[in-house]
Structures are given as structure tokens and as C-alpha cells.
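Here is a short briefing to read alongside the model. Please keep the sequence and the 3D view open as you go through the points.

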Amino acid sequence: MTCAIGLFCENCGAETPESRFRLKCASCGGSLDVKYDLESMKNKLSESFFQSGSGSVLKQWLDVLPINNPELIDKIYLGEVETPLICSSSLGKELGIENLYYKMEFTGPTLSLKDRATSLCALKALELGYDTLCIPSSGNNAASVAAYASKAGLNAVVFIQKDVSPAKVLKIIAYGARVVRVDGDISMASNVCSEMLEKHRWFNCGGSNPYRFAAKRTVAYEIIRRLGGLVPDAVVFPVGGATGMASAYTGFVEMRTMGMIPSLPRMIGVQLEACDPITRAFDEGSEVIQPVTIKPSISDALKNTSPFQGKQVLKAARETNGMFVSVSDEEFIRTIRLLATKEGLFVEPAGAVSVAGISKLLAQGRLKDVKTVVCMLTGHGLNSPQAAIDTEAIPAVIEPEVSAVESYLKI
Ligand SMILES: *Cc1c(COP(=O)(O)O)cnc(C)c1O
Ligand SMILES: [Zn+2]
């Protein structure tokens, strides 16, 4: 059924049986990772890969995911399907990129990329007999976990950072989760969540959950399938905890190992200037990521001072001739407006940084000769609508009369 072999420690190699699932290796405390039998995965994919998929992401990618009870998928299904990969109409040309694609990860059931992976976490919680999901989050992950818990009939306890957009808080509350708003940033929310786990048998769906990582690999498979096997010159990610970029990289590496693609795309990570520990390490040529002090920013996502997968994405960028760059609030706000007015796409700040980052790299001449680029658009604009909208621009009220309308529109 599944090509997953089991959960192994990245540090000492010890195996943890799924039935005794935990987030860390019992012998050494290292992170756990799902290992796959790529030979049998290759055989399975060779029959089905280019068949256009529809329906649940988990069903479509059953061959590449660690799922034991596919009959449970319907119990957690909220409409998480393959996200569209659409072609830019004008921005790409203005930037000089022949084929600029947007991977519309913000079209998930709770309007962010988080749903792709929360769906598998909720499924594993059912398989393994948990009754409560928990997560530390800057907002989107909490909403996603809250929604899937409702669907699956599980409880949700979410730990959110103090500074989270009001729209995200409302969304989380609507799904009925228990919300703990922590007086601190995402690392503090994460610490208290981990301490709670020592006393309560909850299923933590956070970035260190190997199933979250496993599910996010599918975005790489979708991109290659949709491009008919063509490897884009570059793929651009917004980077906070770095799970998204690290897991997509793993997906591309697997496909190359299986001989499905001849090379890897350049992996480009974009951070906020307000919190960019990975960009700094990249620029300094360092392998060590030093925590930074978070500066103010209107983006609530991506403010992660100690990114869980930081080392992996540094390596991914370096090994693929990729890079890291950071963007200011001004730069991503301009990009949100450009994407909305020129492309018809309304995204939240973290969702715009990939495009802001690639624009900056091209303007600085650091990136040349890229013909096909995929930018990840990760969160919907309605998750923090106040970010890009000038309140003065709210229209005045006009008499419902043709003459009044014409004089207002100056036509
Ligand atoms: C969580 C999130 C990200 C960052 O993903 P990481 O895997 O933590 O790097 C990017 N954009 C949005 C909108 C998010 O919610
Ligand atoms: Zn270990």
C-alpha cells in the first residue's frame, strides 16, 4: 500500500515504530523522519505520474505518503486538492521572466498552504488513536489544525503568538478550537506547547512532526507533474520555520534519485528583513543560524528566530546554486498591491514575499537567465486584509443616481 518504510532518527538512525509515535527519537532526542523505498515508489509512479489528478491530495499521492488506512481519508477531507499553477499575465514580462508561474497554495480550505500538511497530520492522529490535536502557530497553522480537528471529530488546542492578525484569530475561534494566546513570539508559544506535551497525550501537528514534512513534499511532485516533467529554473519560497522549502527540496531530490527529473531547480528562500536569521547565515557563508531579535513588521507569519529546518534550507540553497534574500515591509506591501491590481491575486504579506524577493534579486542583478520560475503564494489576502489596504481609499457614499455616479467617476 505505502512506500514508506518507517520513522527513523536523523541523528542516530534508530527506528521508532509508528504505534509508539513521538516527535523525537526516544534514544537520542534527534528529529524523526519518514524513510521511503524509492525503488517501489518509482515503479508505482511510473504508471500514474502524469495522469491528471483530482480529489484529495492524500488520495492522489498515496504512493508517496506514509498512509496505512486510506479508508480514513474521507473522514478528514475538507477539499484539499491539487493547488493551481497559473501563469503570470503581466508581472513576469515586466520582470523579464519568460514563464513566471504562481503556485496558488493560498487556495487551501482554510486559505493557506498549511492545509496540505494538516490533512495528513489529522489522518495520522486518527490512525494512531489520538483524540486531541495541538500546535504552536503564528495563526494560519492554528486555523488549519482547528478546522481539520472539527472535521475529524477531534479536539484542538492551539498556542498562538501574541502578535497575530485579528482576522486569523477570528477564523481560529470560528472553528471552535481552544485558543491559548501566549504573551510572546512563536518560539515561546512553541516552548509552552512542548511542555504541555510532556503531561498530555496530544498529537502535535507542528513543524517538527515528520508527517507534516512528509505531506509538504507533494508540492514538488505537483509542480513537476503540471509542467509536464520540465524542471523550472528556480522555485521561490517564503521562509519562516522553513518546513515548506525543506520538504519541497526533499521532493525534488527524490524525483531526481528516481530518474524522473534530470536536475534540481535553484532553491530560493525569501525572508522578512524584520526576522532573517537564514539570510544572514547565507550571506556570511556560515552553517550556523544565529537567533535574531525580531523587528516590527506587519507580517505576522515568518517571524521565526530559530527556524526548525534552517540548516536544511541553507544546504538546499547552496547545493542548487540558489540563494536567500530578505525583503522589507515596504517591498512586500508594494508587491501585494501589484499582484492584486495586475494579476487578480490577493495574498497576505507572507504570501507576497516570494514575488517581492525575486523582483529584488533581478533588480540587483543577482539572478540572471531564469526563464521558468515558480513562486509560492502561500496565504490569502483575507488572512490579514489590513496589511495592504490604505483605509483612506475606502470609497465615499454616492447618491444612486446616474448623474452623481458620472460626476464621481469623472466620465
Ligand atoms: C507558515 C507560512 C509560511 C512559511 O512556511 P514555513 O514552512 O514555516 O517556512 C509562509 N507563508 C504563509 C502564509 C504561512 O502561513
Ligand atoms: Zn536518535
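Two strands pair if DSSP finds at least two bridges between them. Helices (H or I, at least four residues) and strands (E, at least two) are DSSP runs, numbered from the N terminus. With that in hand, an open sheet can be described: four strands form it in the order E8-E7-E6-E9, with parallel pairing. The model is predicted, so to speak of its local features takes pLDDT of at least 70, and side-chain atom pairs count only at pLDDT 80 or more, while totals for chains, interfaces and linings use all residues. Residues are numbered from 1 along each chain as its sequence is written, chains are lettered from A and ligands numbered from 1 in the order in which they are written, and side-chain values use heavy atoms, with hydrogens and water left out.

**The open sheet**

- Strand E8 (178–181) and strand E9 (203–204) stand at the edges with a single partner strand each, so one side of each has no neighbour in the sheet.
- Strand E7 (residues 155–160) runs parallel to E8, and four bridges join the two.
- Across this pairing, Ile160 stands opposite Arg181 in E8.

- Buried means under 20% relative accessible area, exposed over 50%, and partly exposed in between (1.4 Å probe, protein chains only).
- Thr372, Val374 and Met376 point one way from E13, while Val373, Cys375 and Leu377 point the other way; all are buried.
- Strand E5 (residues 99–104) pairs with E13 in the parallel sense over six bridges, and Met104 has Leu377 as its bridge partner in E13.
- Strand E10 (residues 234–238) also runs parallel to E13, joined by three bridges, and here Val235 stands opposite Val374.

- Arg366 sits in the loop between helix H15 (349–363) and strand E13 (372–377), and at 35% relative accessibility it counts as partly exposed.
- Leaving aside neighbours within four places in sequence, Arg366 is in contact (heavy atoms within 4.5 Å) with Phe282, Asp283, Met323, Phe324, Val325 and Leu361.
- One of these residues, Met323, is 43 residues from Arg366 along the chain, and their C-alpha atoms are separated by 9.3 Å.

**Around ligand 1**

- Of the 15 residues around ligand 1, Lys114, Asn140, Gly240, Ala242 and Thr378 come nearest. A residue is near a molecule or strand if one of its heavy atoms lies within 4 Å of it.
- This shell divides into six nonpolar, seven polar and two charged residues. Ala, Val, Leu, Ile, Met, Phe, Trp, Tyr, Cys and Pro count as nonpolar, Asp, Glu, Lys and Arg as charged, and the others, Gly among them, as polar.
- A polar side-chain atom of Lys114 lies 2.7 Å from an oxygen atom of ligand 1.
- Backbone N or O atoms also approach oxygen atoms of ligand 1: one of Thr243 lies at 3.2 Å, and one of Gly244 at 2.8 Å.
- Taken alone, ligand 1 exposes 380 Å², and the protein buries 92% of that. Accessible areas come from the Shrake-Rupley method with a 1.4 Å probe; for residues, only the protein chains shown count as cover.

**Helix H10**

- Eight of the nine residues of helix H10 (residues 218–226) are buried, so this helix is largely enclosed by the rest of the structure.
- Those buried residues are Thr218, Val219, Ala220, Tyr221, Glu222, Ile223, Ile224 and Arg225.
- Just after H10, Gly228 takes a positive phi of about 65 degrees.

**Ser56 in its loop**

- Ser56 lies in the loop between helix H1 (38–48) and helix H2 (57–60), and at 5% relative accessibility it counts as buried.
- The side chain of Ser56 reaches the backbone nitrogen of Leu58 at 3.0 Å.
- Not counting residues up to four places away in sequence, Ser56 touches Ile73, Tyr77, Glu80 and Val81.

- Leu302 has a positive phi of about 70 degrees although it is not a glycine. Leu302 lies in the loop between helix H12 (277–284) and helix H13 (310–319) and is buried, with a relative accessible area of 13%.
- Lys410, in the segment after helix H16 (402–409), has a positive phi near 55 degrees. At 76% relative accessibility, Lys410 counts as exposed.

Methods: A polar contact is a pair of N or O atoms within 3.5 Å; within protein, one must be able to donate a hydrogen and the other to accept it, and residues adjacent in sequence count only if both atoms are side-chain atoms.
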